Every structure is written in structure tokens, then in C-alpha cells.
Protein chains: 2
Amino acid sequence: MELDERKKKILQAVIRNYLETGEPVGSRTISKYTDLNLSSATIRNEMADLEEMGYIFQPHTSAGRIPSDKGYRLYVDAMMEEKEREVVEMRDMLVERQDKMETLLKQMARVLAQNTQYATMISAPQTKRSKLKFIQLSRVDAGQILAVIVIQGNVIKNNILSVEEELDDETLLKLNILLNTYLNGLSIDEINLAMIAVMKQQAGIHSAIVSEVIDAVAEAIRAEEDLEIYTSGTNNIFRYPELADQQKASELINTFEEKQLLGELLQEAHAQGEETGIQVYIGAETQVQSMKDCSVVTATYELGGGMKGTIGIVGPKRMDYDKVVGTLRAIQTQLDELYGKKG
Amino acid sequence: MELDERKKKILQAVIRNYLETGEPVGSRTISKYTDLNLSSATIRNEMADLEEMGYIFQPHTSAGRIPSDKGYRLYVDAMMEEKEREVVEMRDMLVERQDKMETLLKQMARVLAQNTQYATMISAPQTKRSKLKFIQLSRVDAGQILAVIVIQGNVIKNNILSVEEELDDETLLKLNILLNTYLNGLSIDEINLAMIAVMKQQAGIHSAIVSEVIDAVAEAIRAEEDLEIYTSGTNNIFRYPELADQQKASELINTFEEKQLLGELLQEAHAQGEETGIQVYIGAETQVQSMKDCSVVTATYELGGGMKGTIGIVGPKRMDYDKVVGTLRAIQTQLDELYGKKG
DNA sequence: TATTAGCACTCATTTAAGGGGAGTGCTAAC
DNA sequence: GTTAGCACTCCCCTTAAATGAGTGCTAATA
């Protein structure tokens, strides 16, 4: 069967209406809602066709129609009209360059949740490709060394090392110079075994310390890699009856609190969303069991220096895709303007 | 009317039973449940008295009795028998001294939630009384100075300062020595204006930088003071039907996500719980609107060096007070053993 | 041939009524 | 002071009927 222009219009009308109301939509509603000037009977025939093609279905006999995942997919891929939204508050929020990335991300999650009325999550930028900017060892206590590692974009990692031997100031200074000379400006991938060997040799009797520091750097990176995720607006799911029953809500909230699965989801989105950076997952497409009745829209963002992260918005399948995609795209643009090129 | 021994026993039985089942408890149940060997009729008379005194009430005519807030209060204050619980996993978890306090606290919240099946929250230690251990300024970039501030207990704060003038290594070293000489070992309260004036004088032409650094320290402290809170097991509230309806659950979850109110709650608990450090809030006693159907048990803990924080457990009014208080006390003891005296 | 009006039918949801049961208060007997 | 017995209350569950939105199908229409 062919999906002609009229069927498309009707499908679109069904989806639009369902997005608004969340109720199954009947033929009479469409008959009045559209400018097609067709009677409900005609609509009924068309809807029967659309059902046969798998774009819509009835939750039970003699109920109106609901879009299927396939229907949503077509809508998102082909029928959506992105609305350009006001993201003024966001601009204000982002305009001041933040030293504390954490604060920025938390706030961003919060504003997004408020703006969209869905649940939001943001993964902190990954530092894999980022360049090491600065390493500093300092003696804090007898036997305790503080290692500060600064990464491009001012992401800072601290680590306290316990050392057996006493280190005098001079040695510490030497080690600092050694480490910075070799490691400065490198991305984390670029640090290799050969380099470590040379450094150890140069450190002489203190090679053990070099090992410890390298371990600490590796540790700091690893800590960064089980990535931080900020969420907001979790309780917005109660706005949508189809998600608000105890079973589903409990599972969803648990998913949002544990964050483990969110991380995997965002990373996959990050990996896939190469082109425009915006990705829409409908229902079971997410692979996260507790989100099978949700849709997720993700956007990757860039903060310069190769630091990329991902924003995700989770709502019911009947989420306002137009608005969400529009908002995310606006944020992407603004982040790009503010941070993207400068590094 | 007098609350004699028998009435107490009956009240206790009512509460115990209600804690278990969550259902109103009737006279016949008590008649069998207790070792008083009284008929249900007698129990009925006694229960009528207890109701008149305000310890229990009927949700509707011809239903069993439910403890009132006053009843719970009496129970917690006078009738509870703390159970010594196995907190073995906790011991294992806590036994390794953590460099990262954050990790420790997160894990602690998680284990507690799992153990008790309630929602938990932990406030990070407050550093107000803690002593400054170490300050280090380093040049990261032209015009960017990294200030690292280490506080007793290895809480580390970073701050990036932008400076107008160029600073050479020597000047930086001098400033480092100056700052550490004056500020090291002081608690944050002890830093005063006179001291700052002296430091500025000694810094000479670089007094502006000293100002900036002091500001940064103040800033770091302020950041620490809007205290970090870790939560876990929020979704446990769905286990208790009396909290699981949409309205209440949504509000509670919002409270847990926003954390603002939790902070106030924990701080109040911290302020009040001077003696044993364990505090029980029943129903409206918490002052947090969304928790009016909950009870909250808090415990302050100490990690040495004046660093104190608060743990809170939130559950239904019929929470297992004995178990919760026992568990919290056990944790207090263990933390004290492991961290308390050493600093 | 495409569209429409009409009608019988389906089924979720709402409303009402009735029965069961848990638990109480009261009274009278022990 | 305690207990057995009984009438009474009221929640809650089940069942039945009424409601109504929406469909599929058929026959008439343009």
C-alpha cells in the first residue's frame, strides 16, 4: 500500500493530537481537527489503512488510535517542524565562563528540566582527547604528596599519594620539572611506556616515585572515565500518567539515581551521534529496560579542546519532539559560540 | 488518667504490630500477640483509654488502631529496644582509609539504603572548624594561577584565579611561603583582618595578589559551606504504600533531588543532636512539608579534626526505629574507631 | 470510484447495589 | 476487674447495569 499525501496528513494529525492530549484519538476528532474536509467515515477508512501499515494501533477494540514506535519514528524523521525556541535564560546562564564545570553542568540540567518539563541528564565532558596542561607535586605532610593534575579546559584532578621515603624540596622541584617537561601538552593517549621508562631513568633513585605519580595520573583518568552524570527534573515523570504508575516510576527513578545505565546510554549516543549530534530514541530503541515506555533525545556538545559530553532528555513517547530538538539545537549552537572555538 | 504498665504493654504491642504490617491493628490481634492473657474485650477497653489519651487513633469507625505521632514519640523515647545489628559489610567498606571522601560518603549512603530499605542522605563534613593544612599557588597559564587549598582530613579545594600582572617563579615561591607561614594550621575562623593586613604589607607590590588569594580562600570556604549532600535509595519510598501515591512520591522525590531542604534539615539535626548525636523526627516534627508523613532519623558523625557531618534516614512513620537507630549507632561507633581520634 | 451517512457492535469506564468481614462499643454475667 | 456475646458500623470487594466514545461495515450518493 502507498503512503500518499493524505495518509501522511492524517497520521501527522493523529500524532500531533496524541502528543497534546495523551488520549487515543478518534476519527471524528481528526475530521474536525484537520483542514482536509473529510467526514469521520473517510478518516476511519484511512486510519484502518494506517493501522494495517503499522503506523498506529488501537489500545483496545473500539478505542481511538495511538501512534506506534514506527509512527513516531516516521514523524521524527520526516514530519517534524522544529520550533525555534526562546533560550534566553540559558544564554544568560552560559554567558559567564565558569571555572567550575560542575556548577555549569548542574545548572544546565536544572534549567533544561524546568524548560522542557522532562527529566534531563548531562554527562561531564570526557577528557580522553584532552591535553595535559600542568602537573604539580607538593608535600602536604610527612609521607603525603599531593599531585594536582590540570587538563585543558581547567578540569582539575587531585590525588594524595603516600610515599615511604622522605623527599626534600629540591627533589620535589626536580620531579616537577621532569614530569612537566615530558608530559605537558600531551593527550592522555599519547603517554606511552617508552616515555615512562625514560622518565624513570632520569629520576634515578626516585624512579619509584615516578611510577607512583604515573599510577596516580592513570588513576585520575580512570576516575574521570567512570563519568560523572548530573540529572534534574526526575520528578517530572509524574506529569505523564503513562509513566507515573508505581512500578514504572520506581524503576525509572532508580535508573536516574544509580546513573550507571544512563552513562551507558549517553556514551552510546555520543558514539552514534556523529553527524548532527542529535539523536532520538523511541521506546525500546534505548536498550534500557526501564525506559521502554519513554523516548530519549540526546545531543552531544563540545567545549573545545576535544572535550565532548552528551545531554539527554527523557520523557514519555508522546514528548514534544519539536520543542526538545529545537531547544537542544539552540543549546548546541550557543555552547559552540561561547566555548567551541576558543578551547 | 494514668498510663500504667499494662497500658504501656498494649501500646507497645499495637505499635510493634503496626510497624510490621502497616495495617490498623485490632483488639483480637493484641489479645493473642501479647503474653498478657487478656481477652479482646479487655484490650478493647484499654485501647479506648489509649485513644482518649491520644496515643492511638482509628482511621475510621470500626477499624483497628494506628499509632499517633504522640504514640510513636513515646515509643521512640521510652519503649524501644535497640537491636544490635550486623553491620559487617559496612565495617569492610569503611576499613580502608579513603583519600576521596566523596567516594566514601556515596558508598555509605548506598549501603545504608540497601541495608535499611529506606531513603538515605549524608551531608559531607563541614570544614568550618577544620584547620588549613596547605596552600599552593602555581602558574598554569599566562594570566592564570591555580590555587590549591588543602584542609585537614585531605579535603581539597581548587580555584583558578585570573591575574593581570605576570608573576615569575620566584615571586610565586615567595608568595607560597608567605601564605603558608601565616595561614598554615589555622582554622578558618582564626583568619582575621589584621593578619591579612600584615601579609599584604609583606607582599609589597604584589599585595593585590594576596587579596585575590584570600578572596579565593574565602570563596572556597563558601563553596564548601553550601554543603554537598549525597542521597541513595530514594526509590525505596515506593515500598511503603502510605508514601507511594503520586502526589506524595513526586514531592518527596523532588525534595531528594533538589537537596536544598535536606541540607537545612540535616543542619538543624546537626545543631540539635549534641548529646548522643542521634535524633528522631516524627511526622510534622521535621518542618519539611513533603515529609509530613515520614519519619527521619539522623546521626551526626565525626571524622576527626573537627569535621562533622550528618547522616539521615527517611522512611514511613512506621519505620523500624529499633533497627535504624541501632544501625546508625553502630556506624557512629565504627567511624569513631576508624577516624575519630587520629584526625 | 471516492465519499459519506447510518447503524449495529465492542469495550473501557463509571455508577450503584449488595455481601462479607474485620473490628468496635456496650451490656450483662462471672 | 474481666469476659462473653451481640448489635452495629463502615471499609472494601464483587457483580451488574448504564454510559459513551469509537469502530467496521453497508448502502446510498455525487
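Is Asn37(A) buried or exposed? Asn37(A) is exposed, because 7 other C-beta atoms lie within 10 Å. The cut-offs are these: a residue with 20 or more other C-beta atoms within 10 Å of its own is buried, one with 12 or fewer is exposed, and one in between is partly exposed, with C-beta atoms placed from the backbone. The model is predicted; local features need pLDDT of at least 70, side-chain atom pairs count only at pLDDT 80 or more, and totals for chains, interfaces and linings use all residues. Residues are numbered from 1 along each chain as its sequence is written, while chains are lettered from A and ligands numbered from 1 in the order in which they are written.

Asn37(A) sits in the loop between α2 and α3 of chain A. Its phi is near 50°, a positive value in a residue other than glycine. In chain B, Asn37(B) occupies the loop between α2 and α3 of chain B. Asn37(B) has a positive phi of about 50° although it is not a glycine. Asn37(B) is exposed, with 7 other C-beta atoms within 10 Å.

Chain A holds twelve helices and ten strands. These elements are DSSP runs numbered from the N terminus, with helices (H or I) of at least four residues and strands (E) of at least two. Of the 343 residues in chain A, 38% are buried. Among contacts in chain A with a separation of 6 or more, 62% join residues 24 or more positions apart. Two residues are in contact if their C-beta atoms, placed from the backbone, lie within 7 Å. Helix α8 (residues 193-203) of chain A includes Met195(A). Met195(A) is partly exposed, with 14 other C-beta atoms within 10 Å. The C-alpha atoms of Met195(A) and Lys259(A) are 36 Å apart, and the two residues are separated by 64 residues along the chain.

Chain B contains an open sheet of five strands in the order β7-β3-β10-β9-β8, with antiparallel pairing. Each of β7 (229-232) and β8 (278-282) of chain B stands at an edge with a single partner strand, so one side of each lacks a neighbour in the sheet. Neighbouring strands are turned by 15° against each other on average, direction ignored. Strands pair if DSSP finds at least two bridges between them. Strand β3 (residues 119-123) and strand β10 (residues 308-316) of chain B pair in the antiparallel sense over four bridges. Ile122(B) stands opposite Ile311(B) in β10(B). Helix α11 (residues 260-272) of chain B packs on this sheet and touches β3, β7, β8, β9 (294-302) and β10 of chain B. The direction of α11(B) makes about 115° with that of β10(B). Axes are lines fitted to C-alpha atoms, for helices over the stretch in contact, and angles run from 0 to 180 degrees between N-to-C directions.

At the interface, 24 residues of chain B are in contact with 24 residues of chain A. On the chain B side, β4 (132-141), β5 (144-151), β6 (155-162) and α10 (246-258) each give two or more residues. The largest share, six residues, comes from α10(B). By class, this side has eleven nonpolar, ten polar and three charged residues. Ala, Val, Leu, Ile, Met, Phe, Trp, Tyr, Cys and Pro count as nonpolar, Asp, Glu, Lys and Arg as charged, and the others, Gly among them, as polar. The copies meet through the same surface, because 100% of the interface residues of chain B are also interface residues in chain A.

Around DNA strand C there are 20 residues, of which His60(A), Thr61(A), Ser62(A), Gly26(B) and Ser27(B) come nearest. A residue is near a strand if its C-beta atom, placed from the backbone, lies within 6 Å of it. Two or more residues come from each of α3 (40-53) of chain A and α2 (27-33) and α3 (40-53) of chain B. The largest share, four residues, belongs to α3(B).

DNA strand D is surrounded by 20 residues; Gly26(A), Ser27(A), Thr42(B), Thr61(B) and Ser62(B) are the closest. Here α3(A) gives the largest share, four residues. The surface near DNA strand D divides into six nonpolar, eleven polar and three charged residues.
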